[in-house]
Amino acid sequence: MSLRTHPEVVATFLSTLPPDDDHPYRTGPWRPQTTEWDSDDLEVVAGTVPDDLDGVYLRNTENPLHPALKNYHPFDGDGMLHIVGFRDGKTFYRNRFVRTDGFLAENEAGGPLWPGIAEPIELSRRDHGWGARTLMKDASSTDVIVHRGVALTSHYQCGDLYRIDPCTGDALGKESWNGGFPHDWGVSAHPKVDGGELLYFSYSKQAPYLRYGAVSDTGDVVHTVDVELPGPRLPHDMAFTENYVILNDFPLFWDAALLEHNIHLPRFHRDTPSRFAVIPRRGDASQIRWFEADPTYVLHFPNAYEDGDEIVLDGFFQGDPEPADNGMGNKWQRAFRFLALDRMQARLHRWRFNLVTGEVREEQLTDSISEFGMINPDYAGRAHRYTYAATGKPSWFLFDGLLKHDLHTGREERFAFDDGVYGSETAMAPRPGGTAEDDGYLITLTTDMNTDASYCLVFDAARVADGPVCTLALPERISSGTHSTWAAGSELPRWRDSDSAAAAIGL
Ligand SMILES: [Fe+2]
C-alpha cells in the first residue's frame with residue numbers, strides 16, 4: 001500500500017449545531033470536528049520522533065454533532081477517538097467518531113433524540129435509552145482502554161463498550177464478552193486492565209446500586225459481585241491492587257427526595273462520610289470490607305497497591321465537591337463551575353486502609369491543584385513513585401499544563417502550556433527495556449487557539465519541565481478532550497507483521 005504522507009479526509013459528517021453558537025464547550029477550544037482524517041506520517045514541527053516510542057496513544061473526546069434538546073453539558077457530546085501511532089521513529093494518525101447506536105440514530109434523525117446530563121429525562125424522544133439515569137444517549141465519549149488488543153470506549157453513565165481497532169480506528173461493534181456482557185446496567189467508564197484481566201463496575205438507580213465484575217484474557221466474565229449501597233450513587237472510577245479492587249460510596253449523589261419525582265440533582269452531603277469498599281478480586285459479598293473516611297468526592301484514582309496489612313489508594317480529593325456560585329465570572333463559568341479543578345479544589349490525596357485493624361489514615365499529598373493523573377502503566381496495582389497529572393485553567397474545564405509529582409520526595413515538576421493552548425490527559429509510555437519508573441515518554445494532544453491548530457506533544461517523562469522532545473502537527477485543530485491511554489505495540493495484534501506500522505494497519 002502507499003503511505004498517505006499528506007492527511008487525507010476519510011469522511012465528513014453533517015453538523016446541525018447553530019452557526020452562531022455561543023456555548024463555550026462547543027466553541028473555541030471545544031469546537032467540535034466534523035471530519036475524520038487519516039495521516040501516515042505526521043509533520044514533525046519540532047524535535048525528533050523518538051525511535052524507541054513503540055505503540056499507540058488513544059484519546060477519547062466529547063465532540064457533539066447536534067445541539068442539545070435544551071441545555072448542553074460538556075459530558076454530552078458524541079465520542080470521537082484520536083489515535084496517534086509511533087513505530088521506528090515514524091507516526092500515523094486516525095480520528096473517528098464512535099459509532100454508537102445513539103450516534104447513528106441521531107444522525108439518521110438529523111438532530112438530538114436523548115437528553116443530556118443537565119436536562120430532564122422526560123425530554124427524551126425515544127422510549128429506550130442508556131445510562132444509570134436512564135433514557136440518555138450512550139455516547140461512549142468518556143474513556144478509552146485497550147483489552148485483548150482492542151480499544152474499548154466507554155461512557156461515564158454506564159453503557160456498552162464499543163470495540164475499535166486501536167490502529168485503524170475501524171469500528172468493530174460492541175463488546176459482548178462471549179454473551180456475558182451486563183446489558184441490564186451496562187458498564188461504567190474506567191474499567192481497568194491488569195495484564196490480560198479486565199476489572200469493571202456498573203451502577204444503577206436500582207438496588208443493589210453497584211456491581212463489580214472481572215473478565216478474563218479470553219473475554220469471559222469470570223466473576224461478578226453485588227456491592228450493596230444505601231441508595232443510588234455516582235461512582236466515576238475504581239482502583240485495584242494485585243489482590244483487591246477498591247470501589248466507593250461518596251456522599252455526592254442525587255437528592256433522594258427529588259429523585260422520587262424523577263429529578264436528578266446531585267447534592268454533596270457534607271456530613272456524610274466517604275466510604276470505600278475493599279473487595280478481593282474474586283471475593284463474594286461477604287468479603288467486602290468497608291472503610292470510612294472524610295467526606296469528599298473523587299473523580300479519578302491514579303493507582304492503588306498493597307503495603308503490608310494496608311491498602312494504599314491515591315486519588316484526587318475534592319476540597320469542595322459542590323462549589324457555590326460566588327458571582328465571579330460570566331454565566332458560563334458560573335454554570336460549569338463544578339468542572340473547574342480550582343473550584344472543586346482537586347488535590348492528590350492518599351488513603352491507607354488497614355485490613356487487620358480496620359483503621360483508616362488519609363493525607364493530602366500536595367497543595368497543588370491537579371486531576372486526571374496517570375502513572376507508568378507497568379506499575380498499575382503496584383507501588384509507584386510518580387504521578388503525571390493535568391493542571392486546570394482557573395474556572396474552566398481546560399488543561400493548561402502538566403504536573404509530575406514525586407511521591408518519594410514530594411518534589412513537583414511542571415510544564416505550563418502557552419496561554420491559549422490546552423492539553424489532554426497525558427499518558428505515560430514506558431520505554432521498552434527501561435528500568436527506571438520515569439524512563440519513558442509522556443504524550444498529549446493540544447488544542448492551540450493561537451495557531452488555530454492541534455499538535456501531539458511528546459515529553460521525556462524524566463524531564464517534564466524541559467518541554468516536549470517532539471511536536472507533531474495534526475491535520476486540523478481538534479476539540480479539547482480528556483481521557484487517554486497508551487497501548488504498547490507488544491499488546492497489539494499485527495503490530496510487527498509488516499515492515500512499517502502504517503502498512504501493518506492497512507492489513
Ligand atoms: Fe473520568
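Colleague: Which element of the protein chain has the lowest mean pLDDT, and which the highest?

Modeller: Helix α5 (residues 501-505) has the lowest, at 58, and strand β15 (residues 239-240) the highest, at 99. pLDDT is the predictor's confidence in each residue, from 0 to 100. Helices (H or I, at least four residues) and strands (E, at least two) are DSSP runs, numbered from the N terminus. Where pLDDT is low, the predicted coordinates should not be read in detail. This is a predicted model: local features need pLDDT of at least 70, side-chain atom pairs count only at pLDDT 80 or more, and totals for chains, interfaces and linings use all residues. Residues are numbered from 1 along each chain as its sequence is written.

Colleague: What is the mean pLDDT of the protein chain?

Modeller: The mean is 96, and 97% of the residues reach 70 or more.

Colleague: Why is strand β5 called mostly covered?

Modeller: A residue is buried if 20 or more other C-beta atoms, placed from the backbone, lie within 10 Å of its own, exposed if 12 or fewer, and partly exposed in between. In β5 (residues 79-87), nine of nine residues are buried. One side holds G79, L81, I83, G85 and R87, the other M80, H82, V84 and F86.

Colleague: What makes β4 and β5 a pair?

Modeller: Pairing requires at least two DSSP bridges between two strands. Eight bridges join β4 (residues 55-62) to β5, so these antiparallel strands count as paired. Y57 stands opposite V84. Eight bridges also join β5 to β6 (residues 90-97), again antiparallel, with G85 opposite F92.
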